[in-house]
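The sequence and structure are shown first.

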Amino acid sequence: MDATLIISADLDSLLDDVQQRTFRYFWDGAHAQSGLPYDKCLLDGTPGIDAISISGTGFGLMAILVACERGWITSDEALVRITTIVESLELAPRYHGAFSHFINPATSAMIPFSALDDGGDIVETTLLLQGLICAREYFAAETISEKSLRTAITRLFDEVEWTWYTRGKTDGPIYWHWSPINEWAMNLPITGWNEALSTYVFAAGSDTFPIDPQNYHCGWARNGAMKNGEEYFGIQLPLGEPMGGPLFLSQYSFCALNPRGLSDRYADYWRQAVAHSRINRAYCLTVPEYAAAGVWGLTASEAQAGYAANSPLVDFGAIAPSAALSSFPFVPGHAEEALRALLAYENGRLVNRFGFADAFAPKTGWVASTYIAIDQGPIVAMIENHRSGLLWKLFMAAPEVRRGLDRLGFRYPATPPKHKNAGT
């Protein structure tokens with residue numbers, strides 16, 4: 001791709017192209033019958049793995065809503081596809097209401113993610129529910145089909161037994177996994193700061209199985225121990241691990257949960273997201289190969305030796321386009337610079353049928369041969385939140401979300417008006 005043309009191109013046109021290409025991963029690349037998006041596809045669009053990730057499906061739902069809003073598909077097409085996806089999800093086994101990490105694209109049967117991970121995954125379930133709740137709020141008309149969809153989504157939400165995943169404690173964390181065979185063998189508490197903030201918001205906002213606020217304060221926030229407060233490259237980081245960790249930690253929940261004006265006793269979450277993005281970029285500028293190519297962005301992605309959680313402290317040499325592009329709301333100028341550099345990289349080598357390849361290594365010339373749903377989805381969602389705030393408006397209007405934030409003591413802006421579809 002001609003670098004001169006990219007430099008002079010209108011940003012809105014570039015964003016339209018990137019969003020629409022990436023959306024096609026979830027539309028054209030999904031399973032033909034179930035509508036479920038594959039966890040991974042090859043660059044030619046064929047499935048790279050015969051499995052559906054539940055989190056990837058949540059991001060796919062968001063991408064479909066964006067495409068509908070942008071006019072790339074009709075409202076009827078979006079409604080039919082999302083209804084088909086929900087019907088496929090209703091066939092999947094659930095474990096005290098939680099979905100497994102992987103399901104079969106044709107039958108919705110559980111596929112073990114690992115030897116011990118063969119049951120409910122409450123974080124994967126959260127990321128699915130983010131997309132479902134946005135879809136429910138979007139399709140707000142009083143037609144039979146939209147009312148039926150809303151009822152089905154609310155039922156899926158209400159059946160999640162958040163309290164089960166606390167292992168019966170009101171002053172400890174939610175636990176990530178439970179299996180009817182291996183029970184609590186994974187033994188992974190969900191503690192902050194990481195990508196699972198929405199898990200606690202949903203769990204507190206549930207009408208049927210609400211957790212105690214102390215699960216959040218003692219478990220997630222660890223009575224304040226999740227605070228950081230140190231400076232890296234002259235940028236203070238409110239929460240989390242040194243240097244911030246992979247960028248998905250601040251992006252997955254914020255695809256739906258609006259951090260602008262969101263705060264509690266522990267942090268201002270807009271400051272957290274902005275600082276995390278800036279630190280990640282500042283580190284990348286210290287790596288000659290990244291700086292020379294004008295690119296930045298470390299997150300969980302493919303890497304030359306296999307999938308890895310890339311971060312400033314554990315850098316496997318792989319830049320993921322999702323990392324910088326999903327930072328558009330937080331550092332728009334730096335994200336735009338990265339977008340233009342990614343498009344121009346080796347004359348467009350990174351751009352394929354469904355958008356950018358998952359990752360690449362400027363030092364060696366390696367480029368991933370795949371896309372991954374959980375990296376593709378945030379690109380569409382976060383660029384749209386930067387452009388219109390669509391998903392943030394939908395999600396923050398949901399009663400479960402507002403109830404959860406209120407019960408946990410969050411401060412946030414007044415509830416936005418219902419989407420324009422409401423009542424039509």
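How many of the 15 residues of α14 are buried? The model is a predicted one, and in it 13 of the 15 residues of α14 are buried, so this helix is largely enclosed by the rest of the structure. Helix α14 comprises residues 373-387. From its first C-alpha to its last it reaches 21 Å, close to the 21 Å expected at 1.5 Å a residue. After α14 comes Gly389, which has a positive phi near 70 degrees.

A second topic is the packing of two helices. In general, such a pair is described by the angle between the axes and the distance between the axes. Helix α3 (residues 54-70) packs against helix α4 (residues 75-90) at an angle of about 165 degrees, and their axes are 9 Å apart. Because angles over 145 degrees count as roughly antiparallel, α3 is roughly antiparallel to α4. The crossing of α3 and α4 is left-handed. On the α3 side, the contact is made by Ile54, Thr57, Leu61, Ile64, Leu65 and Cys68; on the α4 side, by Ser75, Ala78, Arg81, Ile82, Ile85 and Leu89.

The cysteines form the last topic. The structure holds 0 disulfides. For Cys284, the closest cysteine sulfur is that of Cys255, at 19 Å, which is too far for a bond because a disulfide requires sulfur atoms within 2.5 Å. The exposure of two cysteines is listed below.

| Residue | Relative accessible area | Class |
|---|---|---|
| Cys218 | 21% | partly exposed |
| Cys284 | 1% | buried |

Definitions and conventions:
Residues numbered from 1 in each chain as written. Predicted model: local features only at pLDDT ≥ 70, side-chain atom pairs only at ≥ 80, totals over all residues. Heavy atoms only, no water. Buried < 20%, exposed > 50% of the residue type's maximum accessible area, 1.4 Å probe, protein only. Helix = DSSP H or I, 4+ residues; strand = E, 2+ residues; numbered from the N terminus. Expected span 1.5 Å × (residues − 1). Axes fitted to C-alpha atoms, helices over the stretch in contact; angles between N-to-C directions. Parallel < 35°, antiparallel > 145°, perpendicular 65-115°, else oblique. Left-handed = near helix turned anticlockwise from the far one by under 90°. Contact = heavy atoms within 4.5 Å.
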